Amino acid sequence: MSGTETMDELRTYDLRIVQERHGYRFSLDPLLLCAFASPAPGARVIDLGTGSAVIPLVLARRTAQAIFVGVELQDGMAELAERNVQLNGLADRIAILRDDVLGLRKRFPVSSFDLVLSNPPYRKRGSGKVSPKAGRDDARHESTATLADFLAAAKYLAKPTGRICFIYHPARLPELFAEAHLQKLAPMRLRLVHGTEDAEARMALVELAKGRRADLTVLPPLIVREAGLNYSPEVAEILGGDQ
């Protein structure tokens, strides 16, 4: 490790994760997505925009015999992801692919995966504040690929019986659902994430399917913290001892 990096632990999942001290660092969101998606044992799973590979690492610990691909465009983040996979002894189950979401049709046959996951950039190019910390803006702002591109890639990669799960900003849900309709993706589940019970939703968990019709199930809200600012029982269970 260099002096610009930290080694962080997710003891619940027996994971050690190297991150840039002042660059993009994972938050609670990918852990919530892992719990929401819950792939079946033996599933083939792909994570679009994997960052430091937190999602495939956590799910590899949670899901027996499942195989994962993490796609990451940024060279620095992809290198971190590869190191984290090696560090945790999961190279036999997780492959890191350095590529753009736009190039995945050349990499995989159609309908290759049981589950497609993504925590995609939720800010449009040129919007919001610019972070001085390396990598953060590329992780938060759409660069080469837009929301429509992420959905199109997910549709191409998912099997007809497969699932697509995103965590995304609620302000852009109308756009997500409109684009899903254009691409003939059926919203199946929606769960809003609130920091506290009386706060506005800060993120949204969405499950989509292709080639099927379904009524949308709106699940009870996921509350991150209780009034005393302790984690809610559900979030505490997801985090285990990593609070």
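**View 1. β8 and β9 make an antiparallel pair.** Strand β8 (residues 185–194) lines up with strand β9 (residues 201–210) in the antiparallel sense, over nine bridges. Strands here are DSSP runs of E with at least two residues, numbered from the N terminus, and two of them pair if DSSP finds at least two bridges between them. Leu192 has Ala204 of β9 as its bridge partner. A hairpin of six residues takes β8 into β9. This is a predicted model, where local features need pLDDT of at least 70, side-chain atom pairs count only at pLDDT 80 or more, and totals for chains, interfaces and linings use all residues. Residues are numbered from 1 along each chain as its sequence is written, and side-chain values use heavy atoms, with hydrogens and water left out.

**View 2. β8 also has parallel partners, β10 and β11.** With strand β10 (residues 217–218), β8 pairs over two bridges, and Arg189 has Thr217 as its partner there. Two bridges also link β8 to strand β11 (residues 222–223), where Leu222 stands opposite Val193.

**View 3. Phe108 meets Phe113 edge-to-face.** There is one aromatic pair, counting Phe, Tyr and Trp (six-membered ring) with centres within 6.5 Å; planes under 30 degrees apart are stacked, over 60 edge-to-face, the rest tilted. The ring centres of Phe108 and Phe113 are 5.2 Å apart and the planes sit at 75°, so this pair is edge-to-face. Both Phe108 and Phe113 are buried (under 20% relative accessible area, 1.4 Å probe, protein chains only).

**View 4. Two arginines sit over rings.** Arg44 lies over the face of Phe113, 4.7 Å from the ring centre. The charged end of Arg225 is over Tyr231, 4.1 Å from the centre of its ring. The rule asks for NZ of Lys or CZ of Arg within 6 Å of the ring centre and within 35 degrees of the ring normal.

Definitions and conventions:
Helices (H or I, at least four residues) and strands (E, at least two) are DSSP runs, numbered from the N terminus. Buried means under 20% relative accessible area, exposed over 50%, partly exposed in between (1.4 Å probe, protein chains only).
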